[in-house]
Amino acid sequence: MSVANASPTGRSHQIMTVANASPTRSASATARSLEKRRSHQVMSGANASPAGRSHQIMSVANASPTRSASATARSLKKGRSHQVIRRILLHIAVASILAGSLPALQAQDQTPAKWTPARTPDGHPDMQGMWARRGAAMAEANPPKTPLSEFGSTGQPYPTVFNTGVSTPQAASALANRPAGVIEPADRVLPWRPEADAARREFLSHMIPPASLKYVEASARCVPPGLLGGDDRHPYQIVQRPGSFVLMYEYNHVTRVIYTDGRPHVGPNIGLYMGDSIGRWEGDTLVVDTTNFNDKTSFSQTIPFHSDALHTVERFTMVDPYIIDYQITIEDPKMFTAPIRIAGTFAAAAKGSELMEFACAEGSQTLPNIFGFGLFPGQ
Amino acid sequence: MSKRLTVWFAFWIFLLALPAWAQAQPRGIPRAADGKPDLNGLWQVLSTAAWDLEDHNGSLRVHAGQGVVEGGEIPYQASALAKKRDNFQRRETDDPAEAACYMPGVPRATYMPFPFEIIQNPKLITMSYEFGHARRSIFTDGTPHPDGFPDFWMGDSRGRWEGDTLVVDVTNLDDRTWLDHAGNHHSDALHVVERYTLTDPDHMLYEATLEDPKVFTRPWKISMPLYRRMERNVKILEYECVQYIQDQKYGNAKPVGAKP
């Protein structure tokens, strides 16, 4: 907090930091719940808490009930002749598996055994569990200076008790060598349209103190974070079902249900904070295509908005039990003249971590402090 | 008639009778791989409980409705009933869910007039509500409510299966949520037991028992059906009322200390 504490805006941001992180009590109650949360975390780290233990392992997935049911029906209907066909098919399948594994066997001669992921009953890599996201940020070269970066809402670390998303030792060591941030363009100088760059610099100059509601930092308004705006000091949880991949954020309790059942995007006139995501598996990589964004979330502290023309493609690939390689391609033709590629990592979260309730609007005093009145009468 | 022919005859009779036999059976409920009822999907109420759990007449933008409280009325203690009446008078400005878009709590999240999605795995059932993108985790791994947790807007939920019914025990509920728009309320001692029972593939019976020794004279129960949203490709969208309310309240306001 290097900006004068006397300024109402400065104060509000400081309060925001505390409110953001906890289920919204008064300061003393917050401190109390911090204590409780800390003790819970410590307990679960030691596996003393049954609740803490329970959440990290979600690897038992739903098998497809429809699949087994229809298989039963089929085998009832079909006669003996089909058994012969089935046997032939089986032979073909075995043969093709053997053929497919030949190159892998040859490759094994030169390189150490390749790790293969555990699989869900529908045959995809099992990424279920708790994760900490790292590195996925629109970190540009030579960003404009903004006093925002000096504020607590994003510039100050949370107390360590909130780091339930901290990665495991294995993941932590691997993180050191992982790509992070903007990887294309390689020099991290973003391919701005000049008018868009000018517009965001103009916008930034009105943010501290905010000239009006429009210029209040998105996270301070408890806006759903979009794909890059999430606060990665909070963990994520992945749950997989046949036909969908679910990514849950602790931050602002966002849930992204990414259907992989071949359905199309929602209609073009629907605009969403988190966009409309549909996924497909390319081999063992989940590819998520997202459109239908509104223009109300931010890319970063220094890029406080994007346009409604935003289109993203994310790729999730499990590298080992502790690392999911995460890449996102950003296309926003109203802002940039070329796509931007960003790399990041989902690293396995510490054992015993779990999603807690993140109450933002319920506890934040940011807007009442900025505008001098609250949402309820008498505030 | 040869024996062989008799067998064939019987076989064909059996085959022809099969559809009729199948029709006579009640439609089975979908099941997950672990044999439990499969609750996955989008669900929504068709009731007026979000406005008022009890019998109520229509008024501007409020549908008339028959109550969902077993026995008709909520058994308030005298002082708590006075508070309910006071809340009712101030409901347009003071209902935390409607006036500020705070998370609606349990059980109100279930009967808000918005869909919610159930994401079911053997050890965790997640409910993701369109209203304010609220979410709750229901742990079905046999763990009890943890000691020393603070209160949460959506409570702490632990579930178990009783036959084909999902029974969810909810504690740690924040006392600042209301049970409906009519000002029905509770304290931090509220304990809710919910029961979710599939009655056929597309309908679920929702029951909730509410116990709060600081506010009610005895436990009481509500029940209503949940309907599966069956539109093609239907999904949870966004109802970000936090943002809509901020726009309405502060959209034309001037920040304190802003340059003139």
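1. A residue counts as buried if 20 or more other C-beta atoms lie within 10 Å of its own, as exposed if 12 or fewer do, and as partly exposed in between; the C-beta atoms are placed from the backbone. Helices (H or I, at least four residues) and strands (E, at least two) are DSSP runs, numbered from the N terminus.

2. This is a predicted model: local features need pLDDT of at least 70, side-chain atom pairs count only at pLDDT 80 or more, and totals for chains, interfaces and linings use all residues. Residues are numbered from 1 along each chain as its sequence is written, and chains are lettered from A and ligands numbered from 1 in the order in which they are written.

3. Start with helix H6 of chain B, residues 241–250. Its buried residues are B:Val242, B:Gln243, B:Gln246 and B:Tyr250. Down the axis of H6(B), they fall within an arc of 95 degrees, so they line one face of the helix. The arc is taken from the directions from the helix axis to the C-beta atoms. B:Tyr244 and B:Gln248 are exposed on the other side of H6(B). The cover over the buried residues includes H9 of chain A.

4. That leads to the interface. Here 49 residues of chain A are in contact with 56 residues of chain B. Contact means C-beta atoms, placed from the backbone, within 7 Å. Elements of chain A that give two or more residues to this side include helix H2 (27–45) and helix H9 (366–371). H2(A) gives the most, with 4 residues.

5. Chain A has 9 helices and 10 strands. Of its 379 residues, 40% count as buried. Helix H8 of chain A (residues 194–205) has 1 buried residue out of 12, so it lies largely in the open.

6. Strand E4 of chain B (residues 135–139) has 5 of its 5 residues buried, so the rest of the structure largely encloses it. B:Arg135, B:Ser137 and B:Phe139 point one way from E4(B), and B:Arg136 and B:Ile138 the other way.

7. What flanks E4(B)? Strand E3 of chain B (residues 124–129) is joined to E4(B) by 5 bridges, and the two run antiparallel. Strands pair if DSSP finds at least two bridges between them. B:Ser128 has B:Arg135 as its bridge partner. E3(B) and E4(B) form a hairpin with 5 residues between them, and B:Gly132 in the turn has a positive phi of about 60 degrees. Strand E5 of chain B (residues 156–162) runs parallel to E4(B), joined by 2 bridges. There, B:Ile138 stands opposite B:Ser157.

Notes
Two residues are in contact if their C-beta atoms, placed from the backbone, lie within 7 Å.
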